[in-house]
Amino acid sequence: MPRPRREEFISDVRLSARMLQKPNVEADSDTLDTDAISRILHGAALWLTPKVVEHYDPDDFAEEQADQQNRLRLAVEEFRRIASQVPPDQPATVDQFMEGAERLRELIKVLGSIVLAEWVRAIDAVERNAEEWSAERAWRTRRVNKKMNESLIGPYEAPQLLIFAEPNLYVLDPVARFVPGAQGAFDFALQPSYYTISMYRDDNGIWYVHLDKGKGVANGHPVEWNRDSFLSCIEQLRAFV
Amino acid sequence: MIKRQQRIEWIAAVAREYLAATSAAGLLATQLQADPNYGDSHGWEARDGVAFKTNLESTYVVRLYAEFEAGLRDYWANHLNRTTHPPMVQLLPFLADQRISQDRLEDADAVREYRNYLVHDESGEPPPDMRTFTVAEAKSHLCHFFGRLDPDW
């Protein structure tokens, strides 16, 4: 199934960010020999191309604050300008590489901050749901920050939610914003136990849980995240104690 | 022991075996300095000893990956009850779908590509866009991926 244009754009920049992070690109060019420089410039063909921003459409970011929208638009335009100067059948020059890397870093910075802010809000919304449903049953909850790191958005902290549904302790644990086939994932686990229920957010922003624990994501059936599925998770995980 | 942990242990055992082999290569190098013809009585020549040391890391990356692939195929057949035999380039993203981070999938897939280069490509240098891995790095990436699968089957 084709992904939304906005997500395609974000994914393309994320992949380029990952390629830019590769050690051979980060190396100090003053200490490299000619072959190494040549390899780096050839490697730049993977990210120094207008294709990286071909799915960008300002309308997809219309809900962002005006200054964020402008910064993103400018970063895309600047990157596109330098990337368009590299012939598709030739490696970039050293100057093109240096400027392209700088422009891409700026694009990563702007887009990464937008994606991270949205992802943190999504985490908060899921955990607020769980806190509310837990409170209805007088289960205590507590948020504990964990350190995470992902391409494009870099290092960040996000809260795990601990749920004390006596006598058991459950953890609602954000896994990543970038997950194949989804726009974010959580683990819902019972401690101590090896068993986990996977949650994911689809391209429409709807969260699902993979119930039928033990059958795996591929064989289980996804159920929309709501009070009933939250309680089903608690029940299914409790069976593994 | 649950199956997932057992499989991870087997991958980790290959990495430990590599450390033992590294120590053995060091001892062998010392022996060859003292007696360059040491291998003659064992059916090999000095240059084979050099090749052994040179190729040690690559050999164990290939072995690590073989253990990883065996584990995934066991999971595929005996946990997901699939009778097909998809290539690993398809199996990895399928298993990662909706549960393993894109970064971790790409790390494991990069190890797969590097392993394929080691097995199939006779040219001297990996392509510029290829990531290369030490045994420790490959073990970390492959175990991380495996650790995200269902625990038992």
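B:Asp103 counts as buried because its relative accessibility is 6%, under the 20% limit for that class. In this predicted model, B:Asp103 belongs to helix 5 of chain B. Once neighbours within four places in sequence are set aside, the contacts of B:Asp103 are with A:Arg14, A:Arg18, A:Asn149, A:Glu150 and A:Ser151.

B:Arg104 is also placed in helix 5 of chain B, which spans residues 102-120. Its relative accessibility is 24%, and B:Arg104 therefore counts as partly exposed, since that class covers values between 20% and 50%. With neighbours up to four places away in sequence left out, B:Arg104 is in contact with B:His144 and B:Phe145. The C-alpha atoms of B:Arg104 and B:Asp35 are 47 Å apart, for a sequence separation of 69 residues.

Confidence in chain B can be stated both for the chain and for its elements. The mean pLDDT of chain B is 94, with 100% of its residues at 70 or more. Among its elements, helix 6 (residues 135-146) of chain B has the highest mean pLDDT, 98, and helix 2 (residues 46-54) of chain B has the lowest, 92. For the model, the scores are ipTM 0.87 and pTM 0.90.

Chain A contains 7 helices and 7 strands. Along the sequence, these elements follow the order α-α-α-α-α-β-β-β-β-β-β-α-β-α. Chain A has 241 residues, of which 49% count as buried. Of the contacts in chain A between residues at least 6 apart in sequence, 56% join residues at least 24 apart.

The nonpolar interior comes next. In soluble globular proteins, nonpolar side chains tend to be buried together. The largest nonpolar core in this model comprises 64 residues. Those with the most contacts inside this core are A:Phe9, A:Trp47, A:Leu72, A:Leu107, A:Phe188, A:Trp225 and A:Phe230. Helix 5 (residues 94-136) of chain A supplies the largest share of the core, 16 residues. Another core lies apart from it and has 39 residues, including B:Tyr65, B:Leu91, B:Tyr114 and B:Cys143.

Which residues does A:Leu72 contact, leaving aside its neighbours within four places in sequence? They are A:Phe9, A:Tyr56, A:Phe61, A:Leu107, A:Val110, A:Leu111 and A:Ile114. A:Gln68 lies in helix 4 (residues 66-83) of chain A. A:Gln68 counts as buried because its relative accessibility is 16%. Not counting residues up to four places away in sequence, A:Gln68 touches A:Val110, A:Ser113 and A:Ile114.

By class, the lining of the second largest pocket has 9 charged, 2 nonpolar and 1 polar residues.

Technical notes:
Residues numbered from 1 in each chain as written. Chains lettered and ligands numbered in written order. Predicted model: local features only at pLDDT ≥ 70, side-chain atom pairs only at ≥ 80, totals over all residues. Heavy atoms only, no water. Core = buried A, V, L, I, M, F, W, Y, C linked by side-chain atoms within 4.5 Å. Buried < 20%, exposed > 50% of the residue type's maximum accessible area, 1.4 Å probe, protein only. Helix = DSSP H or I, 4+ residues; strand = E, 2+ residues; numbered from the N terminus. Contact = heavy atoms within 4.5 Å. Nonpolar A, V, L, I, M, F, W, Y, C, P; charged D, E, K, R; others polar. pLDDT = per-residue confidence, 0-100.
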